[in-house]
Amino acid sequence: MPSVQKFPIDMSGYKPVILDLSQPDLSNDEVNQLEKNVQLARDAIIFFTAYAGVKRLGGHTGGAYDIVPEMLIADSLKIGRNKIHPVIFDEAGHRVAVHYLLAALNGFMPLEDLLHYRQAYCWLPGHPEKGYTPGIEFSSGRLGHMWSFVNGVALANPTQKILMMGSDGSQQEGTNAEAARFAVTNNLEVKLFIDDNDMTIAGHPSNYLAGYNIDRTLKGHGMSSEVCDDPENIRLLYRHMVRCITTTGPAAVVCKRKMAQGIPGIENTSKGHDVIPEDAAVAYLTQRGYTKAVEMIQNAEKEKAIFDYLGSTKEFRKPRDKFGKVVCEILGKMTLKERLHKVRVIDNDLLGSCGLHFVKNEFPEVFISGGIMERNNYTVAAGFGSTPGRQGITATFSAFLEMLPSEITMARYNDANVLAHFSHAGVDWMADNNCHFGINNFFADNGIAEKDTTRLYFPADYHQMGAIVKEVFNDPGLRFVFSTRSPSPFILDENGNRFFDIKNGYKFKPKKDELIREGTDGYIVAYGEMLHRCLDVVESLKKEGKYVGLINKPTLNKADKAMMAKIGEAPFILVVESQNYKTGLGARFGTWLLESGYSPVYQHLGVTKLGVTGLWEQIDHQGLDPYNIAKVTRRLVLNTKKGKGKDLTQWLKNE
């Protein structure tokens, strides 16, 4: 995807500095050039992340901006042939902008490629992915997944120093404690440079995690660790890094700095975690004299698709917001004493992403900032909810559910009551790409069937989210409520009324499937953000004289025998979802049909491909857009009428 625009910041002043570990200090010329390189790199990061942000692609500016000094020194030492492993790893994937910039500066791609940061069908996703982007040789995944991997790299390369950029967020994850113990025990040549800006989405870890101290923690594991109190001082930072790298065995430098230091309005705030706002970027770049960069940001074409689905409203709302609002409604009906006795809400440093900021603002007495510790926080919620009448509530991204099956099992063994909201399910709007796909939600349903009260719920729109949470709030056992990152339209009934609005008489019934549209030619079964897309297909095909019904399955992990009896004799059933084709509803729905004695032609659409960044493009790429769903459904209708079910199966395989 070549760019027709030139990179608007002149980077010709950036000159690589070759450094040698035997050199205990920097010369004045080296300091001056490194400082110039740092400033240019930070200016570039501000620009191209803001440019992506204006195009509504997001971009995570602050972390990448922060670690520029240590990244450039590490890169200079690497090219100096100091027996340093050629890959500089990073355990905070959202800092990928600095890695992309270095890849461009080191000749792996033109600077103009950075203008397509996080753009669909380009090669610059929101987290680094090995083999996807020129010059990127590791996949970071989510926070807390890199250090143990780096330990393995160290085992495989015992004569090399393995460098990893760390973060105070990643270091909160329990896997890092395990990695530290392993590195110390095996005396691995792993060197960590940890950006400790004391800032995450939820605020300052020094406030919400009393006693959290990275340097003392690492020393407690037996590692060599030292604090650099002024990592903006290139000479001082270099000395710390050289001592760390030349120390035998695992060692770390904890770089204490403010988040986004030097960016007015962003410095030392959680705003630095995500992409820098347009006004702040324009002010910064204007002050630096980058007129062309400012013009590009101000004239950027905003990435926006206009969706108009048949059968649903033009208004879109985020179901993930509704979760927190409804919890607040329920808490508001309790006395203070009742709230304190009955409920604890434990956040995983995501707040507004999962709707828990509403609880924090309205009922701080039951809200706990749990930090970036998903396993712990789910289990804490389970422990609190292990007494009848008490409710543990927690929320995080659906991708992180993959970390929790063991904790979920233990919660179940202890008869815990947990209401867990997992947002960002599916693939829609996932510019962070593969590592943030929430496509294995059924991993939560890992209990033994006997006496199991685990329930998985996925509402189709904002109204249904409210109805589900109200209905299941006091249910016993483990309840998982899913939502997407993307907003959804409101589902309409055949009279144009909002189907799931309780004001129109809707009441959610757990374990029951819902008939959205009647059909005679076959049925589509869907849920969540795929329901409105499938409804569009059903309404479109009706205009062609094809009468396909639509079933909503908001309770994902329980078969509705009554609905099975209704649709089991239909010519075909097509399950459509944005979950993993291998682990989602479709993998079990066919079994339920057969066990119930029905054998219609059965097909299933789900996530089968790696991501392509972008936003709504992820759905299209998976073949889950209305056009492709209609194409498959149309072929199902035609072939089942002709009695060519086997031909149809072969056609789908070829597709």
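Modeller: Gladly! Keep in mind that this is a predicted model. Let's begin with two strands: strand 15 (residues 522-526) and strand 17 (residues 572-580) pair in the parallel sense, over three bridges.

Biologist: Which residue of strand 17 is the bridge partner of isoleucine 524?

Modeller: That partner is leucine 574.

Biologist: What is the strand order in the open sheet of five strands?

Modeller: The order runs 14-16-15-17-18, and the pairing is mixed. At the edges you find strand 14 (514-517) and strand 18 (601-607); each has a single partner strand, so one side of each lacks a neighbour in the sheet. From one strand to the next, the twist averages 25 degrees.

Biologist: Which strands does helix 18 touch?

Modeller: Helix 18 (residues 530-542) packs on the sheet and touches strand 14, strand 15, strand 16 (548-552) and strand 17. Its direction makes about 165 degrees with that of strand 16. Helix 22 (residues 626-642) also packs on the sheet, touching strand 15, strand 16, strand 17 and strand 18, with its direction at about 160 degrees to that of strand 17.

Biologist: And how do I read two helices against each other?

Modeller: Angles under 35 degrees count as roughly parallel. The axes of helix 5 (residues 147-156) and helix 6 (residues 174-185) cross at roughly 20 degrees and come within 8 Å, so these helices are roughly parallel to each other. Their crossing is left-handed. Among the contact residues are Trp147 and Leu155 of helix 5, and Ala179 and Phe182 of helix 6.

Biologist: How many nonpolar, polar and charged residues does that contact have?

Modeller: Six are nonpolar, four are polar and none is charged.

Key. Residues numbered from 1 in each chain as written. Predicted model: local features only at pLDDT ≥ 70, side-chain atom pairs only at ≥ 80, totals over all residues. Heavy atoms only, no water. Axes fitted to C-alpha atoms, helices over the stretch in contact; angles between N-to-C directions. Helix = DSSP H or I, 4+ residues; strand = E, 2+ residues; numbered from the N terminus. Parallel < 35°, antiparallel > 145°, perpendicular 65-115°, else oblique. Left-handed = near helix turned anticlockwise from the far one by under 90°. Contact = heavy atoms within 4.5 Å. Nonpolar A, V, L, I, M, F, W, Y, C, P; charged D, E, K, R; others polar. Pairing = 2+ DSSP bridges.
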